[in-house]
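Please examine the sequence and the structure shown below. The paragraphs that follow lead through selected parts in turn.

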Amino acid sequence: MQCGKGVVIVEPSNLYECSLADDVYIGPFVEIQRGVKVGARTKIQSHSFICELVDIGHDCFIGQGVVFINDLFSDGAPSGNPSHWRRTIIGNNVSIGSNATILPVRICDGCVIGAGAVLTKDALECGIYAGNPARLLRSLQL
């Protein structure tokens, strides 16, 4: 694991071969898997799961119990083959509410993903997304 300056990790947490930039905060009971990159000043709250192939920008907020998914179960079952997994890219200044589920998507800078949302498609317009499946509720200005 690579850590920048001022990183706070509250135990217990499971962090595997990930990269945390300066001033990142990791709450208790968080799991971050291999290859994940977390940008400066990002806060990840308790009980969140961040799987491989996720990049999170700087100044983001990940609420409690947020789950990232990289396997779409395209064969009807979990794939043990990483070539079937997909990447998630989170921009800068993104806030993701508690208990949201994030499938392999791109989220542009400045988005807000509501609590409990299930994001199944890219969020390429800065705005507030909520629901299951999540949809754009309102545009925001950066």
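Asp 71 is buried (under 20% relative accessible area, with a 1.4 Å probe and protein chains only), yet Asp 71 has no salt bridge. A salt bridge is a side-chain nitrogen of Lys or Arg within 4 Å of a carboxyl oxygen of Asp or Glu. The nearest side chain of opposite charge, that of Arg 86, is 8.6 Å away; Lys and Arg count as positive, and Asp and Glu as negative. The model is predicted: local features need pLDDT of at least 70 and side-chain atom pairs pLDDT 80 or more, while totals for chains, interfaces and linings use all residues. Residues are numbered from 1 along each chain as its sequence is written, and side-chain values use heavy atoms, leaving out hydrogens and water.

Where does Asp 71 lie? Its place is the loop between strand E12 (67–68) and strand E13 (88–90); strands are DSSP runs of E, at least two residues, numbered from the N terminus. A polar atom of the Asp 71 side chain lies 2.9 Å from the backbone nitrogen of Phe 73, and the side chain also reaches the backbone nitrogen of Ser 79 at 2.6 Å. With contact meaning heavy atoms within 4.5 Å, and residues up to four places away in sequence not counted, Asp 71 touches Ala 77, Pro 78, Ser 79 and Trp 85.

Key. Helix = DSSP H or I, 4+ residues; strand = E, 2+ residues; numbered from the N terminus. Buried < 20%, exposed > 50% of the residue type's maximum accessible area, 1.4 Å probe, protein only. Polar contact = N/O pair within 3.5 Å; in protein donor to acceptor, adjacent residues only side chain to side chain.
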